[in-house]
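User: I am new to this structure and would like to learn how to read it. Could we go through it feature by feature?

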Amino acid sequence: MDKHPGGDWLREAEALVGLGRLDWGYADLYLRNAERALRHVLTEEDFRALESRHNAVPRMVEDARRAVQRGAWQEAEQLAEDALRSQRALQGEGRLLAAGAAVYGARSLSPEPAALAVAGAVSFSVSGLRSCVRELTSLLRGLAQSDGGSRSFYERRAQHFERLEFDAEEVATAGSDPAELREAALTAADAGNLQEMIRLARRAGMTGRDSSGRARAPRPSSGWVEFLGYAFPPDAVGRAAKLGLESVAVPVRPELNAYLSCACADRPTLPAAPLDAGHREPEQCTCGHACPPGVSSSLKSSLDALMVHPFVTSGGTRYLPWFGAETVLVETFREEDSEPVTGLLEKLGIPRRRGLPRLRIEDALLRHGRALCEELGVDPADYRLVCIPFDVYMRIAGDFGWGRREQWTHFDGYQVTRELHLQALVGGDVRFGGADDLCGVARHYDSDRITARFALVRRKRFEAREQQP
């Protein structure tokens, strides 16, 4: 017997979808649980049928309009009546349609301003942040009570948000000129773009009405950080090898940790222009501390960008790399291979490596990553499949001959633009620094110059930081 009436199952699915948008580091797990709940009231087959009926209404209206233009009034009347009946039949199905689209449609990470602030990447009103964290905690506590199978997971996430601290600032750094926001919102209204209006209204709320700040998780203890260097379970390593993943110990670069631990890193500012092929130089660190000797100019440029501008990981945290000891499972194929095929691609439902836009990759990872972890015998709440992170690629590239070709590799994470959009991280092009190269592209960019390489990492790596002196 179901534990919930139908409405409760829908509310649970909606809550989980909302959590995935704000606590996006665990979006894959939330969406999987949302799918499990939604199936009680709307299967994927039912959703496709509902979606088809919904999409048919505008076509019917257009057909009726064309009939009017031809003077076929009887046909126009019949088409309009059919459209009206369909429209009325769909009334009240909006929530189901929205939940179905989030669960059964393409899955991607949502750059909600509040989520970026919780990640520590941009500023937000402190009162808004506290309200958001209270909402997240309340949702998680409620789900812990209703879903015994995932209770411990929800409790751990609730405890995480309860431990968050807030760095207050005098003025918000994530807003824009109010006149510019107003003009952009009016343009969106004229175009009927309601989602853009909502996004701009949220940005306007970040522009100084209230003291602003960003969330900051307590820094982990050194013993906890050392856990990242532990070997993977032998059984998992053996299963992963059949899919093309190899266990690799990533070397330590303590001098890079020291360089990134300066005070400038605590107040990242949104860039005037995104880091892309045409604009590769970040603003400079203002404290003037020297970069370690032996660091190439291209790597320094990448580190400076990560230090002074906001980047976020797919784990929902600020991306300020930690160059400590770590063990990862990674695809180690040669970059010379034109289209290396591994069992991993089949598991992800991806037809090829080259020319995939990040949005397609996000959908595959959010949809299939959890099942892959379970197949390897590791806990999906502790491990995650991702595009190889820049700091991992850079440190092991020499061992595998990477970074010597005129091509980019998808890296985990994103740069946050001034408009609060996400630029997908890529790099490794020999023309721009090889293994030290870090760049950004639009999430829909699908050039054959980009290839995908995946790694299985511990989720805790996204929270690792160098200890402050």
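User: Does F454 count as buried or exposed, and at what relative accessibility?

Analyst: A residue is called buried when its relative accessible area is under 20%. This is a predicted model, and in it F454 has 0% relative accessibility, so F454 counts as buried. F454 is found in strand 12, which covers residues 454-458.

User: How far apart are F454 and L245 in sequence and in space?

Analyst: Two separations can be given for a pair, one along the chain and one in space. F454 and L245 lie 209 residues apart in sequence, while their C-alpha atoms are 8.3 Å apart. For the whole protein, 76% of the contacts with a separation of 6 or more are between residues 24 or more positions apart.

User: What are the overall counts of helices and strands in the protein, and what share of its residues is buried?

Analyst: The protein has 17 helices and 12 strands. Of its 469 residues, 52% are buried.

User: How should I read helix 2, and how many of its residues are buried?

Analyst: Start with the general pattern. An α-helix has 3.6 residues a turn, so residues three or four places apart point the same way. Helix 2 spans residues 27-38, and its 12 residues reach 16 Å from the first C-alpha to the last, close to the 16 Å expected. Because 10 of the 12 residues are buried, helix 2 is largely enclosed by the rest of the structure. Among the buried residues are L29, Y30 and N33.

User: Which residues of helix 8 do L29, Y30 and N33 meet?

Analyst: Those three residues of helix 2 meet F153, Y154 and R157 in helix 8. The residues of this contact divide into 4 nonpolar, 1 polar and 1 charged.

User: How are helix 2 and helix 8 placed relative to each other?

Analyst: For a pair of helices, read the angle and the distance between the axes. Helix 2 and helix 8 (residues 151-162) pack at about 140°, and their axes are 13 Å apart. Angles over 145 degrees count as roughly antiparallel; helix 2 and helix 8 are therefore oblique to each other. Their crossing is left-handed.

User: At what angle do helix 3 and helix 4 cross?

Analyst: The axes of helix 3 (residues 44-70) and helix 4 (residues 73-90) cross at roughly 160° and come within 8 Å. That angle makes helix 3 roughly antiparallel to helix 4. The crossing of these two helices is left-handed. Residues of helix 3 that take part include L50, V57 and V68, and those of helix 4 include W73, L79 and L90. The contact residues divide into 13 nonpolar, 3 polar and 5 charged.

User: Where is L420, and what is its phi?

Analyst: L420 has a phi near 65°, a positive value in a residue other than glycine. L420 sits in the loop between strand 8 (408-416) and strand 9 (422-427). With 1% relative accessibility, L420 counts as buried.

User: Is R395 buried or exposed, and which residues is R395 in contact with?

Analyst: R395 is buried, with a relative accessible area of 8%, and is found in helix 17 (residues 390-400). Leaving aside neighbours within four places in sequence, the contacts of R395 include P251, R253, W322, E326 and R461. The C-alpha atoms of R395 and P251 are separated by 6.6 Å, although these residues are 144 residues apart along the chain.

Methods: Residues are numbered from 1 along each chain as its sequence is written. This is a predicted model: local features need pLDDT of at least 70, side-chain atom pairs count only at pLDDT 80 or more; totals for chains, interfaces and linings use all residues. Side-chain values use heavy atoms; hydrogens and water are left out. Helices (H or I, at least four residues) and strands (E, at least two) are DSSP runs, numbered from the N terminus. The expected span of a helix is 1.5 Å times one less than its number of residues. Buried means under 20% relative accessible area, exposed over 50%, partly exposed in between (1.4 Å probe, protein chains only). Axes are lines fitted to C-alpha atoms, for helices over the stretch in contact, and angles run from 0 to 180 degrees between N-to-C directions. Angles under 35 degrees count as roughly parallel, over 145 as roughly antiparallel, 65 to 115 as roughly perpendicular and the rest as oblique. A crossing is left-handed if the near helix is turned anticlockwise from the far one by less than a right angle, and right-handed if clockwise. Contact means heavy atoms within 4.5 Å. Ala, Val, Leu, Ile, Met, Phe, Trp, Tyr, Cys and Pro count as nonpolar, Asp, Glu, Lys and Arg as charged, and the others, Gly among them, as polar.
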